[in-house]
Amino acid sequence: MSDELSSAAETCNVRKRKRVDPSADGEAKRLQTVQDGEEKPARRRSPSVSVPPDRLQQPITPSELTELLHYAALGKTGGVKQPSWCRLHHQKRVTAVNVVIVEAVTQSHFYQHYLALRHLRTSYTTRVTFTPSPTSLASEIFSGEVPESDDPSLRQRPGGSSGLHKALRIHPVISKFGTQKKGLTAYVLTQEEMIKKQYPVKGMPGFEEFVCTDGVDCLTDDSPLYGVDCEMCLTEKGYELTRVSLVDSGGKCLLDVLVRPRNRILNYLTKFSGITAVMLRPITTTLREVQMKLKELLPSNAVLVGHSIDSDLKALQLIHQHVIDTSLLYRRNFGQKFKLKVLAESVLQRQIQIEGDKGHDPIEDAVAALDLAQYFIKTGPRQVVELHLEELWGCTIVEESTDPEPEPEPEPSLRFADILQTLGRSVAFLGKRSDLPLDLSHQQWLNSDTEVVSSFRRRTKCPFLSVLQLSSLSDHLKRCPPPLEHPRARAILRDMCVVFAGPFPAGFSQRDVKRLFCCCGPVRNIKMLTTTVRVHAEVEFELLEGAMLALKALNGRNMLSHSIKVQRPVYESMLDLDLTLEALMCDSLNTSRLYAVKLSPSTASARTNGHAAGAECPGVKPSARVNGEPLLEAIGETFGLFGSVERVVLPAKRGTHARHAYIQFASSAGRLAALSSSEDLRKEDYLVCPALTPAHLPSWVAAMAPMVTADGDGETAAVGDEERAHEHNSPQDQEMDLKMGRLDHRLRKLFRSLPEGTLSVVVLLGHTSAHGHLPGLCLMEVKD
């Protein structure tokens, strides 16, 4: 590497003497393919993601992210075009797509806890701001419609209903469950359905005193089924439990006990419950004892089955998250339900509840509900409807040939998940229980981030499309409202862009300070700190590089016999500044980037006179060489001598005169060579330093800039300096640092488990609330 640097420095000196060997550039390119005297083998073209520099300044939306996922999975052969905002190169070599959604974490969190996120900042070479959405991103990914293709093999009939009679297409059972046979997980009620229908759910009002079973979120189609049925009586406090029966999947009775209500009984409801005063008189069993017995009998992955099981759970004062309600399997229109007795007779050809006034037998009812669920799962929704359409739903199927105007087939499904499954590509979701447009057999519900990552890594084969939702930080952040994180991150970034300078000569104005310091980069704000004796200033740059160059180029300069000292502010937020700057220099987005400022001739002249320019300093005057293509050509010509330059970006607004630029080299060797020749470049009126600001960040930093007001002289002053007094290193910040470090560790383990060629996307989801929107961050990389 030292040979490369010295060679580049010599090349720069040759250029200064205007004697450049025309064959040198070609020779340098040839040498790049040689290592230790041997030709390098041709590099395999691996897939990669890139975003144009101008597009990096704009955040992406969930729909734009799904554009990329659709193209990565299907490509041009699937009729999908390249995304409008980025380029995925060599898409055919993408072997899988993995998306990790981190709830509630914002872009502010990423840069506030930048040092703790070593894997994220070093392993992902593409980073862009993400606009949060109030809807579920996981749902948008699976249900997003892919542009229609001419290839019929990519089309999927909704619910597999091709050729289905029109009378069945609108049937409530078919509409809900489709036509295909599915595992039992497809019929377990989601948390959203349970909340909507007022089943006992942990954390919901009215169920605070209920006992929770020790269930796990991870269910499979092999999870055991248990039938349950309860009998109640009417007491002073309402309906209370008097009997409970539990049977296993084979119909064996595991529990059948009478229970003494806590309150005075008003009506035993013997006609329905079969319970009498004589039966309950010797009973001492309490509801609490029954709850503990059920918790002991039910395994963690048990699925409870009952008919209108919400009533049974309320009587038991029990919360169990996995339930199948047979009254909702055999659905009727408009929310009406079949009686258990009717279903048993029609479907099972079994007579139950025939004792008349003697009441029901809860064991018999529990077994009937269990058998109805098992029959539905084994037979499949379509066949259940066709076999019992007339006797249960009172409908008959008219042959299509007698229909004068047969209804056309429904349009093929264009949903992303449907198309992938049509092509035989597996899809999977792992995370908290959610109402996704995806069969439950393809979902795995897990409570903690550790369980999500561990469960994914234990899979023998990686799904083609996998979406993991990490939610552990969400609960923590609810205790620290996200709107407070935004100004905190803004204050820290602002501190990093600030330098203090002085003393200046008497009468030195804010305008003079700006003209002096703008040679290092665009200045956002200047605050004069004037005493009766000395004049100092607080200078805030728009970019981190500006502050770094000011320390390097202006500290110790003479200004009219005054030696100017330039230094960083001493705030608590600056304790880890050196580590942060070093990490930013090594950021995967910056390893081949350089920041350079082109000085004006007046600056060079002032420098040779032994002091920095004052009132005559470095304003770049309008000229064809400073603004526009000539400047690009000059920079490209100068820095191209150190290595191949891929692009030069002038981060200047339209109508302004740019003199600072980011140079993107093809490799890090060019950047290192230019930095080693910084003194030679300075003689040619260039100041250089390593790039620190990620390419997507300037617009976000500008959006966080404090508001400004005009003072009496028309100058601007920052509003909200109280942010500076914020305690940046509070115990809450330290705790968050630890949690972000754990998150980064989990993501690193997950990334390592992905197969080569996987498009890995990590979405820090951002935050949406009544206080406003806090942008998230999307990180992308193809594992190579």
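## Surface and burial

The accessible surface of the chain comes to about 37000 Å². Carbon and sulfur atoms hold 50% of that surface. This is a predicted model. The chain has 784 residues, and buried residues make up 50% of them.

## Fold and contacts

The chain has 31 helices and 33 strands. Take the contacts with a separation of 6 or more: 72% of them join residues 24 or more positions apart.

## Nonpolar cores

In soluble globular proteins, nonpolar side chains tend to be buried together. Here, the largest nonpolar core has 72 residues. Phe504, Phe517 and Val539 are among those with the most contacts inside that core. What does Phe504 touch? Its partners include Val513, Leu516, His562 and Ile564, leaving aside residues up to four places away in sequence. Another core, of 44 residues, lies apart from the largest one. Leu88 and Val97 are among its members.

## Aromatic pairs

The structure holds 15 aromatic pairs. One is formed by Phe177 and Tyr187, edge-to-face, at 5.1 Å centre to centre. Phe177 lies in helix H9 and Tyr187 in the loop between H9 and helix H10, so the pair ties together parts that are ten residues apart in sequence. Phe177 counts as buried at 6% relative accessibility, and Tyr187 counts as buried at 3%.

Phe639 and Tyr686 also pair edge-to-face, with 80° between the planes. This pair links distant parts of the chain: Phe639 is in helix H27, Tyr686 in strand E27, 47 residues apart. Both Phe639 and Tyr686 are buried.

## Charges over rings

Arg121 lies over the face of Tyr114, 5.2 Å from the ring centre. The charged end of Arg425 sits over the ring of Phe464, at 4.6 Å from its centre.

Notes:
Residues are numbered from 1 along each chain as its sequence is written. This is a predicted model: local features need pLDDT of at least 70, side-chain atom pairs count only at pLDDT 80 or more; totals for chains, interfaces and linings use all residues. Side-chain values use heavy atoms; hydrogens and water are left out. A nonpolar core is a set of buried Ala, Val, Leu, Ile, Met, Phe, Trp, Tyr and Cys residues joined through side-chain atoms within 4.5 Å. Buried means under 20% relative accessible area, exposed over 50%, partly exposed in between (1.4 Å probe, protein chains only). Contact means heavy atoms within 4.5 Å. Helices (H or I, at least four residues) and strands (E, at least two) are DSSP runs, numbered from the N terminus. Accessible areas come from the Shrake-Rupley method with a 1.4 Å probe; for residues, only the protein chains shown count as cover. Rings of Phe, Tyr and Trp (its six-membered ring) pair if their centres lie within 6.5 Å; planes under 30 degrees apart count as stacked, over 60 as edge-to-face and the rest as tilted. A charge sits over a ring if NZ of Lys or CZ of Arg is within 6 Å of the ring centre and within 35 degrees of the ring normal.
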